[in-house]
Amino acid sequence: MAITQRMDLRQAQSLVMTPQLQQAIKLLELSNQELAAYVEQELEQNPLLERGEDERAILGDESGRLASMEALTNEPAEAPAGDRVLDSSEYVQSESMADDRQSPLDTDYDNLYNTAEDRSAERGSDVAAESGFAENWSGSGSGGGRNDFTDSEFGLEQTLTKAETLREHLERQLYLDLQDPTERLIGLQLIDMLDEAGYLAGDLGGLAERLGCPLPQVERVLVKLQQFDPTGVFARSLSECLALQLKERNRLDPAMQALLDNLELLAKHDRHQLMKLCGIDAEDLADMVAEIRALNPKPGASFEQADVQAVVPDIMVWRRPDGSWSVELNAEQLPRLLVNQQYHARVLPKTQSKAEKDYLNERLATANWLVKTLHQRATTILKVASEIVRQQEAFFLHGVQHLKPLIRRDIAEAIGMHESTVSRVTTNKFMATQRGVFELRYFFTAAIQGADGQAAHSAEAVRQRIKELIDAEAANDILSDDRLVTILQSQGVDIARRTVAKYRESLRISSSVQRRREKALRSA
């Protein structure tokens with residue numbers, strides 16, 4: 001057969017990932033903070049996008065409607081009379097906003113005095129208040145002095161505070177105690193090697209090689225720095241950190257050093273082995289353990305404390321008086337974007353080149369697509385959350401013991417979406433309920449077969465049951481993993497011993513032997 005070239009016409013279907021589709025998929029899995037940063041970036045790059053709070057957004061099309069996110073009820077966002085157009089988040093809050101307007105806490109005090117007489121009276125009251133304040137401050141008022149205010153309350157330095165960091169605290173001591181420039185340089189490098197807890201994270205040999213100085217010199221500087229406040233800083237291990245603090249208290253004797261060298265036995269509460277290694281009796285061991293517990297294992301943590309970032313929920317769930325469930329998006333977290341079509345219509349005729357016209361049209365299409373994508377994202381999250389609440393209603397009513405086995409495929413089939421879409425929606429999304437704030441992934445747990453071969457139990461519910469059984473055990477009746485298996489099987493849960501051990505370790509619960517030692521030590 002001769003090899004020839006020819007042209008054929010074929011029809012085929014394929015999925016093409018357009019940039020718009022990639023953007024929609026990307027926005028679907030972003031968290032609140034990441035989405036806010038993305039929207040902020042688009043606002044900077046696109047001149048046709050405006051914030052929903054911006055009252056300069058003006059109607060531009062024939063129907064007098066500005067392209068924006070519609071309400072989650074899929075009702076069109078009708079434009080009010082005037083130039084202001086509400087975005088989707090404002091429509092979601094419209095009912096609560098009407099109630100808030102009646103609250104005196106949200107009153108616009110700038111609009112309370114509209115007449116000239118009222119404004120004059122207001123200015124007069126302000127003058128009187130200022131004069132009265134001046135009399136009280138100068139001590140010439142009828143009160144006979146500063147009755148309500150003190151000097152410290154008005155000092156500017158009282159309002160400008162800044163906590164000292166661990167680095168600043170150590171550098172101040174370094175410049176006072178070390179006079180040699182070489183030692184100061186080594187000391188600054190050692191300070192840079194500290195972690196948040198005040199431990200030295202790094203190799204001294206690598207530091208000596210990098211600075212081109214002998215290792216003994218670096219070690220000598222380290223010994224000096226270990227005398228700085230707070231005591232225990234610049235330690236290379238927990239035992240060294242505790243030893244530095246005990247040395248300052250003059251309590252680092254050979255028995256205490258032996259105890260510090262065997263902290264793993266102390267964690268296991270192996271008292272007999274510790275008494276043998278330290279050469280002490282039970283009473284001395286109890287006193288030494290009490291001294292160690294009074295020490296600070298993280299001396300640097302009090303200086304640099306990371307700000308706790310509160311989780312902002314994406315979905316709000318609560319039960320109505322009639323017994324039904326209300327599932328709503330957190331309106332405060334919804335992006336508020338508007339497309340200023342009038343600006344586009346005003347600027348487009350003034351373009352000088354085809355490139356400028358193409359740029360404006362491309363920005364308009366991008367803005368419209370972004371608003372549409374944000375609306376689709378909000379609708380998808382709401383659908384998934386509503387189905388989760390429907391299928392896990394027993395959890396919301398009775399607690400974690402009634403959490404049902406659930407996989408993402410079940411939600412996808414119920415709402416008519418792909419499983420990958422549900423997976424993206426449940427990533428970094430949180431739901432606020434009457435039982436706390438949970439990540440959406442929390443409600444998806446594996447199934448454990450029931451003892452009867454039919455009923456299935458949620459893995460999270462079984463894990464919680466194991467925790468409750470261990471918490472309720474008596475000091476003279478510690479439950480081993482085998483006994484836990486027997487108890488769970490009697491309650492209809494078909495589970496293996498290795499699974500119980502895995503769940504117990506995931507809950508950070510020690511073994512039955514170690515728990516027996518801990519409770520015996522507490523009772524002693």
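**Ground rules.** I worked on a predicted model, where local features need pLDDT of at least 70, side-chain atom pairs count only at pLDDT 80 or more, and totals for chains, interfaces and linings use all residues. Residues are numbered from 1 along each chain as its sequence is written, and side-chain values use heavy atoms, with hydrogens and water left out.

**Glu42.** I found Glu42 in helix α2 (residues 32-45); helices are DSSP runs of H or I, at least four residues, and strands are runs of E, at least two, numbered from the N terminus. Glu42 is buried yet has no salt bridge. Buried means under 20% relative accessible area, with a 1.4 Å probe and protein chains only. A salt bridge needs a side-chain nitrogen of Lys or Arg within 4 Å of a carboxyl oxygen of Asp or Glu. The nearest side chain of opposite charge, Arg363, is 4.9 Å away. Leaving out residues up to four places away in sequence, Glu42 touches Leu49, Thr366 and Leu370 (heavy atoms within 4.5 Å).

**Aromatic rings.** I looked up ring pairs of Phe, Tyr and Trp (its six-membered ring), with centres within 6.5 Å; planes under 30 degrees apart are stacked, over 60 edge-to-face, the rest tilted. The count is nine aromatic pairs. Trp325 and Phe396 have ring centres 5.6 Å apart and planes at 55 degrees, so this pair is tilted. Trp325 is in strand β3 (residues 325-329) and Phe396 in helix α17 (residues 393-398), so the pair ties together parts 71 residues apart in sequence. Trp325 counts as buried at 16% relative accessibility, and Phe396 at 6%.

**Charges over rings.** I took NZ of Lys or CZ of Arg within 6 Å of the ring centre and within 35 degrees of the ring normal. Arg408 lies over the face of Phe444, 5.0 Å from the ring centre. Arg463 has its charged end over the ring of Tyr503, 4.6 Å from its centre.

Terms used:
Buried < 20%, exposed > 50% of the residue type's maximum accessible area, 1.4 Å probe, protein only. Lys, Arg positive; Asp, Glu negative; His and termini not counted.
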